[in-house]
Amino acid sequence: MHLASFSAALAATLACTILPSTSGFAPVPVQRVVVRNANQFSPFQPLYGIMDEVNSDAFDLTSLLQNDDGDVSDSEMEKAYEMFLGQLVFSANDPRIDIMDNYDLCADPLWITWLERKISSTRDVEEKIALKDLSEMIIDVKKRFELSKAAEERAVLEADDAEQNRIAVAEEEMEKGRALSGTDILRKAAAVDNAGRDAFVEPEFVKKTFYEKELTPEIRMSYEDMCSKVLPPYKAGDTPVSIVFNFYDQFDAQFIKVLNERAMNGDADSQAVLDALASEQEKRVNVATENLRTVLSKGEPMRMEGAIVALAKEGKIDESFLLLLEANADQARAAGATGPADLMVKLRKRAESEKDKQSASKEIKLLRQLLREPDQTKREDLLADAFTPKEALIVPGTAANAKAAIDGEAPEEEKPMPEVPPPDFINCCKAVLLNFGNLEYDVERGDLSVQIKQIASEAEVVATRIYGKGMSAREQQDRAWKEQTTSIFDLETLEIEAERRGETAPWGNANGGDELVPGFSADGKMQIGGT
């Protein structure tokens, strides 16, 4: 084993690239650490670890963004803003997720002012619309975050008030106890002993329903934008009927409670919108009733399911149709008609399945299926089926594959991919939590945020079973460092195996390492022009 040959091997292999995580609007430095030959270090030169150098300020380039006064220059800040805008625009995630992940940057008043100035200055119509949508998303997420923070602060204050009231009541009872005489204490003790444990009745806690819960100030504030859309003043030609028709899908139960409160306080405009909403709901229920009659007229269950498939393709499977099927199933079961009730349940499941197929993404489809499934084992089976990589049955019709087919070659096959990648599903859960996390989905199972968090934890367990444990950014960096370097013992093993085969390792040299690399002399200097 030649030590000089190892110097060449180490010089060639012990080189890596460390990519630190991006933060703020500062440029991202790429650090390259190269380990030199051991004999190049003086015996008195101290040795430092790689992370000592990385954690130092040797690679801090933020000073380059500053001018003579120590402030960040406008041109460099403009470039940083442009880079950050590109990250938001061209990201594959839901924009709201990226906004929330970079909330401190997005909520920066200077950044918001710069974005508004860019919107007003751009002349491209499509770019102006896209940037305006992004700006509205940022403002919406910022408002939701502030409301959520206010709600948490209010909940803490209410808990403190409740604790103070409890302490006050306890102290009052203690004062009453101190005022009792010895005879009164014995009499009370005897009464408690005679009553026994069975006589004690714990106060019954009755959980309030969704309609009994009071509206909090945060809920009212969260629907101010929606109220401004559906309440006067209207644009020319708009009426409460047309407004309700256009925004019908955004009328959730919480918003209806807000409108009802306004109407009870004498707001005539809110009452007019509620009347238009009731009329629109009646129309949709009548249409759903006719569609259900059409389905049931087929006679046989298979034909009924075929009719549901046809309705789904026409976009006629809506909330009213599903609620009508559920109401008929409950009514049939209450009357003792088990067969018709089971048929309605089967038709409803088929309708929900066909409606899921019309979803814009497979992640939303999977999440809907999981929200409807109460059994945890079945939910895990659904997640495992969606996360498991599967072989593609159809070769992608790319230009390269078409050329290969013409030349008589086998088309290039893609590696197995899951139907729903776990990271995409987690991002979908985050997006739903941001948009609809405060909705009361199920009285028994809790609101939507509780159920989605439970599903996300189950998805993490299933993904770990299939792909193994995920790695943090630090773990990924450590793995990259290990995989891009080779141990000296591994090099020795490779050299011994090469000698057994009668070969020479690439870094081996019978002359004792007189020439390290082709084109370089023994002292490491590059040879130019054959000299």
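User: Does Glu458 count as buried or exposed here, and why?
Analyst: In this predicted model, Glu458 counts as buried because its relative accessibility is 3%, and the cut-off for that label is under 20%.

User: Which helix is Glu458 in?
Analyst: Glu458 has its place in helix α21, which covers residues 448-467.

User: And what does Glu458 touch, leaving out residues up to four places away in sequence?
Analyst: With those neighbours set aside, Glu458 touches Gln376, Arg379 and Leu383. The side chain of Glu458 also makes a polar contact, at 3.0 Å, with the side chain of Gln454.

User: Changing topic, how many helices and strands does the protein chain have?
Analyst: The protein chain has 23 helices and 4 strands, and 26% of its 531 residues count as buried.

User: Which residues touch the most other members in the largest nonpolar core?
Analyst: That core holds 19 residues, and the ones touching the most other members are Val230, Val244, Phe251 and Phe255. Two or more residues of this core come from each of the elements α10 (224-230), α11 (240-246), α12 (253-264) and α13 (268-296).

User: What does Val244 touch, again not counting residues up to four places away?
Analyst: Val244 touches Phe251, Val273, Ala276, Leu277 and Glu280 when those close in sequence are not counted.

User: How many residues are in the second, separate core?
Analyst: The second core has 18 residues, including Phe387, Leu448, Ile452 and Val462.

Methods. Residues numbered from 1 in each chain as written. Predicted model: local features only at pLDDT ≥ 70, side-chain atom pairs only at ≥ 80, totals over all residues. Heavy atoms only, no water. Buried < 20%, exposed > 50% of the residue type's maximum accessible area, 1.4 Å probe, protein only. Polar contact = N/O pair within 3.5 Å; in protein donor to acceptor, adjacent residues only side chain to side chain. Contact = heavy atoms within 4.5 Å. Core = buried A, V, L, I, M, F, W, Y, C linked by side-chain atoms within 4.5 Å.
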